[in-house]
Amino acid sequence: MAQQRRIDLVLDSVKRLLRIGATANLLNLLQKQHPADLAQIFSELPDKERDTAFSLLAERNGRLAMEAISELGPEAGAALLATRSADEIARLAQEIPSDDAAALIDYLPEELSAAVLDLMRPKESGVVENLLEYDEQTAGRIMNPHVFALNEDMTVGEAITELQTNRDVEMVFYLYVVDERRHLVGVVSLRRLLLVSPETPLKRIMTADLISARVETDQEEVARHVASYNLLAVPVVDEENKLVGVITVDDVIDVMKDEATEDIYRLAGVASDERVFASSAETFRKRLPTLAIQLLTLFAAAAVVALFEPTIGKVTALAVFMPIVVGMGATAATQTLTVMVRGLALGELTWSNARKALLKEVSIGIGNGILLGILAAIVAWLAKGDPVLGLLLGFAMILNLFVAAAAGTLVPLGLRAANVDPALASSVVVTTLTDVLGFGAFLGLATLFLRYLTTT
């Protein structure tokens with residue numbers, strides 16, 4: 001909370017300094033901020049003020065400005081760069097690591113990104129182009145190709161000297177060991193390096209059993225490895241097991257944050273790149289398709305209700321309690337669906353253990369259905385003086401919570417098997433099922449037992 005209050009104060013100061021045109025004071029204030037804090041400040045500024053503040057900072061401190069928009073995210077960062085000349089973007093892109101530069105350049109318009117790559121220094125542009133050749137959301141795309149590696153025949157003393165004199169290395173969590181053809185053969189921790197004799201060859205103290213990622217490995221799987229094995233970095237190898245890069249824990253944290261955000265947004269039917277202060281027109285455009293699809297599914301539910309219009313006409317109390325059945329089913333389905341989609345994302349849920357997960361969720365659904373169904377039945381009975389109505393409401397809730405649990409488990413599994421993102425489509429499918437079957441169960445039971453109900 002204290003940190004957020006500090007950022008809010010800085011944001012207010014930035015807005016005030018921009019308003020009065022105090023550029024020297026504004027620049028001094030911006031340069032005192034951490035890149036992550038600057039990213040949050042930029043995200044909350046209106047477009048014009050954001051562009052002005054970034055331009056001022058980029059002119060005086062290009063590295064800090066680029067680190068800030070790297071924290072802002074590649075799409076938002078690229079939008080901030082897209083109004084600038086290719087020459088300026090090329091200069092600024094060389095201030096940050098090549099993997100961050102590749103992510104930003106990939107989101108620029110095609111002609112602009114090509115011009116930027118042409119203007120960058122040959123070495124840097126070549127590295128960025130190589131990264132852009134890998135598929136999005138793979139280890140190859142997010143890795144840092146500047147990885148520190150040593151030959152297996154090198155001694156500990158030589159390794160320490162090499163480490164001390166290598167100025168290009170930003171972060172070294174582990175020493176990766178390679179053979180003469182740069183095949184990854186082992187890893188040595190810095191602690192181990194300092195505890196043995198300087199004459200010891202690296203191949204005698206290295207750990208040959210290490211975790212690595214192929215360039216085509218999905219970034220979510222890399223994140224799971226880091227989380228499961230408490231790693232600070234993961235080496236990346238090509239199809240010949242040659243060391244080509246490294247993914248550090250800071251990159252993995254960004255991946256985990258982005259993937260979690262994407263899953264949450266997609267479950268709610270919101271575009272993964274939507275932000276609080278996006279323009280109204282952009283937000284309208286992104287939300288409309290999902291709402292339109294939802295409208296079509298609701299017509300399906302309405303069609304089910306229309307089949308039972310004669311029953312509702314005879315027992316109008318049914319219309320009062322229909323939303324309860326459907327609402328409880330939708331809530332229960334959302335609970336199950338959220339857990340299942342997250343389980344799939346973390347690799348906890350697979351077809352091999354799906355039966356166990358299904359039995360658990362169904363038993364919970366039936367249990368909740370019985371207890372809440374009894375409560376709803378009593379309330380309906382007391383409210384309308386009709387015990388049969390209460391009994392039908394209770395049975396309908398049990399059925400719909402059973403359907404919600406089963407659908408919330410099986411639908412995301414089925415979508416994953418069909419290579420469809422479960423977070424993207426599950427909520428629409430499951431909600432449709434609970435709506436249609438909820439109305440169908442309640443009104444169908446009422447039709448069967450119509451002669452026992454109090455008609456109005």
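## Loop residues with positive phi

Arg182 sits in the loop that joins strand 2 (174-178) to strand 3 (184-189). In this predicted model, the phi angle of Arg182 is near 65 degrees, a positive value in a residue that is not glycine. Arg182 is partly exposed, its relative accessible area being 33%.

Asn230 also has a positive phi, near 55 degrees, and is likewise a residue other than glycine. Its place is the loop between helix 15 (219-229) and strand 5 (233-237). With a relative accessibility of 66%, Asn230 counts as exposed, because the cut-off for that class is over 50%.

## Overall dimensions

The protein contains 22 helices and six strands. Its radius of gyration is 29 Å, well over the 23 Å that the globule rule gives for 456 residues, so the protein is more spread out than a compact globule. Along the principal axes, the C-alpha atoms fill a box of roughly 90 × 65 × 45 Å.

Buried residues account for 43% of the 456 residues. The accessible surface is about 24100 Å², and carbon and sulfur atoms make up 58% of it. Of the contacts with a separation of 6 or more, 69% are between residues 24 or more positions apart.

## Nonpolar cores

The largest nonpolar core has 61 residues; Val14, Phe42, Phe54, Leu81 and Val116 touch the most other members. Not counting residues up to four places away in sequence, Val14 touches Leu26, Leu29, Leu30, Ile41 and Leu45. Another core, of 26 residues, lies apart from the largest one, and its members include Val304, Met322, Ala446 and Leu450.

## Surface patch on helix 20

A nonpolar patch on the surface is formed by Ile366, Ile370, Ile374, Ile378, Leu382 and Phe402, which together have about 540 Å² of accessible area. Helix 20 (residues 354-384) gives the most to this patch, with five residues.

Leu382 is in helix 20. Its relative accessible area is 70%, and Leu382 is therefore exposed, the class being set at over 50%.

## Salt bridges

The count of salt bridges is nine. One of them joins Arg84 and Asp51, with the closest N and O atoms 2.8 Å apart. This pair links distant parts of the chain: Arg84 is in the loop between helix 6 (74-81) and helix 7 (86-93), while Asp51 is in helix 4 (residues 47-60), 33 residues apart. Arg84 counts as buried at 10% relative accessibility, whereas Asp51, at 27%, counts as partly exposed.

A salt bridge is also found between the side chains of Arg141 and Asp106, at 2.9 Å from N to O.

Lys360 and Glu361 form a salt bridge through their side chains, with an N to O distance of 3.9 Å. Lys360 is partly exposed, with 47% relative accessible area. Glu361 counts as buried, at 8% relative accessibility.

Thr200 is located in the loop between helix 13 (190-194) and helix 14 (202-205). Although Thr200 is a loop residue, its relative accessibility of 13% makes it count as buried, because that class covers values under 20%. Setting aside neighbours within four places in sequence, Thr200 is in contact with Met154, Thr155, Val156 and Ile205.

Ala260 is part of helix 16 (residues 249-267). At 22% relative accessibility, Ala260 counts as partly exposed. The C-alpha atoms of Ala260 and Arg342 are 8.4 Å apart in space, and the two residues are 82 residues apart in sequence.

Key:
Residues are numbered from 1 along each chain as its sequence is written. This is a predicted model: local features need pLDDT of at least 70, side-chain atom pairs count only at pLDDT 80 or more; totals for chains, interfaces and linings use all residues. Side-chain values use heavy atoms; hydrogens and water are left out. Patches are made of residues with over 30% relative accessible area and no salt bridge: like charges are joined within 9 Å, nonpolar side chains (Val, Leu, Ile, Met, Phe, Trp, Tyr) within 5 Å. Accessible areas come from the Shrake-Rupley method with a 1.4 Å probe; for residues, only the protein chains shown count as cover. A salt bridge is a side-chain nitrogen of Lys or Arg within 4 Å of a carboxyl oxygen of Asp or Glu. Helices (H or I, at least four residues) and strands (E, at least two) are DSSP runs, numbered from the N terminus. Buried means under 20% relative accessible area, exposed over 50%, partly exposed in between (1.4 Å probe, protein chains only). The radius of gyration is taken over C-alpha atoms; the globule rule is 2.2 Å times the number of residues to the power 0.38. Contact means heavy atoms within 4.5 Å. A nonpolar core is a set of buried Ala, Val, Leu, Ile, Met, Phe, Trp, Tyr and Cys residues joined through side-chain atoms within 4.5 Å.
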